[in-house]
Amino acid sequence: MRLTPRDTTYFDLLAASAQHLVRGASLLAELLGADRPGREKLAEEMHDVEHLADDATHSIMRRLNQTFVTPFDREDISGLASALDDCMDEMDEAADLIVLYKVDALPDRVSEQVQVLQRCAELTAEAMPRLRSMDKLADYWVEVNRLENQADKLHRKLIAQLFDDLASDPVQLMKLKEIVEVLENAADSFEKVANMVETIALKES
């Protein structure tokens, strides 16, 4: 028998936050295939989603300050909300850099990086509502960890490719390398969320 309160507000807020990640990852994928004016428009949409994600995080933090009893440790709720927000921030930064640096062509593996982020976002959005029951979450964190390992391999291959292809163009090399690094940071952030969910589930079991 679970002794934690059945107030679902935190779960709803976390689920809403994760849904913003799905939209953000989708916009990032669209942005890669767009022309420069299209990218600027999509980056603006990404900023709007990032603001909504911030609002969701602030709502969670405000509720933590207003309630005494929480469904699980308030530090875990706060940490999870912040970790979700970090995922959105990294994707927003990647979109911003692609536009600001006026990058015309991106290596094919960048699309693969973004596909990994899309899958991580989908899995995270599916997992958040299951925090209510702490049921069937193991598959989620195992798969996100696998995807992050895949992202690591893509990242290493991309960095090697950039140094091979752009040795004579250091400015372009620096631009693309920073974008690739931020996308890798986003994958790391999704793994951090999954690891936090694992910790919470183990505490509550």
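Trainee: Which residues does M91 touch, not counting residues up to four places away in sequence?

Mentor: This is a predicted model, in which local features need pLDDT of at least 70, side-chain atom pairs count only at pLDDT 80 or more, and totals for chains, interfaces and linings use all residues. Residues are numbered from 1 along each chain as its sequence is written, and side-chain values use heavy atoms, with hydrogens and water left out. Contact means heavy atoms within 4.5 Å. By that rule, M91 touches L21, G24, A25, L28, M46, L117, A186 and F190.

Trainee: Is V114 buried or exposed?

Mentor: V114 lies in helix α4; helices are DSSP runs (H or I, at least four residues) numbered from the N terminus. Buried means under 20% relative accessible area, exposed over 50%, and partly exposed in between (1.4 Å probe, protein chains only). With a relative accessible area of 1%, V114 is therefore buried.

Trainee: How are the rings of F11 and F72 classed as a pair?

Mentor: Rings of Phe, Tyr and Trp (its six-membered ring) pair if their centres lie within 6.5 Å; planes under 30 degrees apart count as stacked, over 60 as edge-to-face and the rest as tilted. One aromatic pair is counted by this rule. The centres of the F11 and F72 rings are 6.1 Å apart and their planes are at 35°, so the pair is tilted.

Trainee: How many residues apart in sequence are the parts that this pair ties together?

Mentor: Both F11 and F72 are buried. F11 lies in helix α1 and F72 in the loop between α2 and α3, so the separation in sequence of the parts tied together is 61 residues.

Technical notes. Helix = DSSP H or I, 4+ residues; strand = E, 2+ residues; numbered from the N terminus.
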